[in-house]
Amino acid sequence: MGIETTLDGRQDKEYCELPKETNHSRSKKSRRRQKKSATVQNLFQTCKEVFASGATGFIPPPADVERLRLVLDRMKPEDVGLNPEMPYFRPKVNKGLPKITYLHLHECEKFSIGIFCLPPSGVIPLHNHPGMTVFSKLLFGTMHIKSYDWTADVPHDPPTNLHPSQVEPSRVKLAKVKVDSDFTAPCNTSILYPAAGGNMHCFTAITACAVLDVLGPPYSDPDGRHCTYYLDFPCPSLSGNGQSDAEEKKEVYAWLQEREKPDELDVVGALYRGPKLVEN
């Protein structure tokens with residue numbers, strides 16, 4: 001997913017009186033904590049190794065991509081201290097899009113790890129990941145994902161079916177839909193690459209959702225990795241591109257136009273309260 005985020009430093013304080021615990025119950029809880037901590041630590045260590053040579057445009061070797069994917073595929077909400085009943089996931093009662101919460105686990109120049117918490121109807125609008133490889137693991141919930149890649153080998157003319165009030169024809173680029181589907185956890189980790197796999201995507205939460213994101217490398221304006229948002233406009237079926245009718249029916253295109261960061265997008269940082277990772 002990987003939109004730019006800024007932590008606001010706010011921290012919630014929770015007070016409660018805990019019941020007395022026996023040595024046996026404390027031992028069981030300690031083992032569970034150690035197991036969860038080991039899972040998060042394993043994720044960090046794997047990212048550190050996979051993105052050791054990370055830079056703009058770097059794509060890890062297939063074996064490393066598979067190794068990190070397997071680590072993420074096995075992760076569960078409880079591994080990072082999350083459940084759908086937490087305040088981050090409560091439905092919005094008034095009009096407008098709900099607030100999205102970002103939990104920061106780690107960021108360095110090579111990679112970042114974080115979790116997006118979306119209430120029902122939460123939307124992360126269409127945006128890109130320039131020169132980045134991104135792993136997204138849906139921890140729980142049902143989410144609609146729509147993603148695009150730029151077209152490179154499809155001849156096309158500037159759009160004529162769009163009204164000037166909607167779009168400036170000289171500023172749009174043609175993209176092909178990569179994914180346009182609902183996903184329900186547990187499901188496989190999705191992976192996108194600098195020029196493939198659906199580098200530009202939009203997430204819409206159908207139910208409360210949590211998405212664990214790994215970006216390699218993370219956004220960085222000085223390094224040319226700026227998060228750009230887009231409007232998308234349907235494109236009529238293209239013809240004369242040398243494909244058979246059967247192949248053409250499987251492909252959907254759209255015109256994308258850059259836009260400013262949407263005013264309705266509200267992403268706030270919150271303190272990650274799950275098992276800690278040791279940045280060794």
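1. Strand S2 is covered on both of its faces, since Ser112, Gly114, Phe116 and Leu118 on one side and Ile113, Ile115 and Cys117 on the other are all buried (buried means under 20% relative accessible area and exposed over 50%, with a 1.4 Å probe and protein chains only; strands are DSSP runs of E of at least two residues, and helices of H or I of at least four, numbered from the N terminus). Seven of the seven residues of S2, which runs over residues 112-118, are buried, so this strand is largely enclosed by the rest of the structure.

2. This is a predicted model, in which local features need pLDDT of at least 70 and side-chain atom pairs count only at pLDDT 80 or more, whereas totals for chains, interfaces and linings use all residues. Residues are numbered from 1 along each chain as its sequence is written, and side-chain values use heavy atoms, with hydrogens and water left out.

3. S2 pairs in the antiparallel sense with strand S1 (residues 100-107) over six bridges, where pairing requires that DSSP finds at least two bridges between two strands. Thr101 stands opposite Cys117 of S2, and the two strands S1 and S2 form a hairpin with four residues between them.

4. S2 also pairs with strand S9 (residues 209-216), again in the antiparallel sense, over seven bridges, and here Phe116 stands opposite Val211 in S9.

5. Turning to helix H2 (residues 62-73), its buried residues are Asp64, Val65, Leu68, Arg69, Val71 and Leu72. Seen down the axis of H2, these buried residues fall within an arc of 160° (taken from the directions from the helix axis to the C-beta atoms), so they line one face of the helix. On the other side of H2, Pro62 and Ala63 are exposed.
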